[in-house]
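Dear colleague,

My notes on it follow.

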Amino acid sequence: MSARETHKTAGFVLRSLQYGESDLIVTFYTREFGKIKGIAKGAKRSRKRFANVFEPFSLTQIIFSRRNRDSLAFIDACDILDHFAAIRMDLEKTLTASYFIDLAEHFSPEGKRNDGVFALLLDFLPLLTRENVSEPIIRFFEMRLLKAAGFEPELAACVRCKTPVANGSPYYFFPKEGGIFCTACARPQRYDQSISAGAVRTLLLGKDMDLEKMKMISMTESLASESRSILCGFISYVLGREVQSLKVLEQVRRYCP
Ligand SMILES: [Zn+2]
């Protein structure tokens with residue numbers, strides 16, 4: 001029997017599930033190991049060892065041990081680095097943070113380190129504590145996550161003829177092609193999804209924009225709705241399903257402005 005190796009890393013709590021009487025199975029997104037799953041023995045009982053640390057999107061410092069990369073981790077200790085209290089006091093912020101965490105989970109294969117995804121959570125969760133939830137914040141997170149996960153949609157030029165985006169006629173987004181077609185290449189059918197050059201440019205801008213400048217961006221209702229349907233449609237296409245936490249977030253944003 002090989003000995004267990006012990007590791008220490010920072011990680012965001014993605015979710016936790018009760019296991020048996022007193023244990024929890026917790027999924028983390030860690031800096032060094034990507035997504036990992038671990039068991040916190042006695043977590044339900046031992047409030048001293050694990051006081052409220054396993055709440056979704058908390059940033060924690062974890063000490064865990066495991067036999068090898070494929071075996072379940074044993075969480076030996078877990079301390080809160082940031083509980084994001086300012087997010088938890090606000091329903092819309094909480095749902096947005098949950099959506100971000102969900103996306104990070106859905107786009108991350110287990111055990112694969114991705115510094116880009118970790119850095120994104122490290123940027124956007126503190127941002128949510130300071131700023132109100134806005135369409136640009138949600139959409140730009142989606143753009144950046146897609147990029148970090150290797151699914152960046154091609155928006156700078158027509159996928160087929162490679163002509164860079166210019167103002168004027170609309171573009172058409174095809175999830176299957178991973179990007180936009182110009183009107184000439186698209187030969188749009190009735191139900192194809194058009195996107196204005198303005199929406200395309202805004203999404204491109206948000207992809208790498210400095211976080212502090214994001215609050216200066218505003219989206220008109222039509223720009224917001226185009227961007228939402230393109231990105232959310234693409235995300236569902238890539239994942240092969242809808243993201244439930246987005247639905248909840250959208251409902252709350254619609255009915256509780
Ligand atoms: Zn074209």
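Donors are N, O and S atoms within 2.8 Å of the metal (3.2 Å for Na, K and Ca), and sites may look incomplete because water is not among the atoms. This is a predicted model, in which local features need pLDDT of at least 70, side-chain atom pairs count only at pLDDT 80 or more, and totals for chains, interfaces and linings use all residues. Residues are numbered from 1 along each chain as its sequence is written, and side-chain values use heavy atoms, with hydrogens and water left out.

The donor residues of the zinc ion follow the spacing C-x2-C-x20-C-x2-C. They are Cys158, Cys161, Cys182 and Cys185, each through SG, lying 2.3 Å from the zinc ion. Cysteine 182 and cysteine 185 are both buried (under 20% relative accessible area, with exposed over 50% and partly exposed in between; 1.4 Å probe, protein chains only).

Phenylalanine 234 lies in helix H7 (residues 221–239); helices (H or I, at least four residues) and strands (E, at least two) are DSSP runs, numbered from the N terminus. Phenylalanine 234 counts as buried because its relative accessibility is 5%. Its contacts (heavy atoms within 4.5 Å), leaving aside neighbours within four places in sequence, are Leu146, Phe151, Pro153, Phe173, Pro175 and Gly178. Phenylalanine 173 is 61 residues away along the chain, with a C-alpha separation of 9.0 Å from phenylalanine 234.

Yours sincerely
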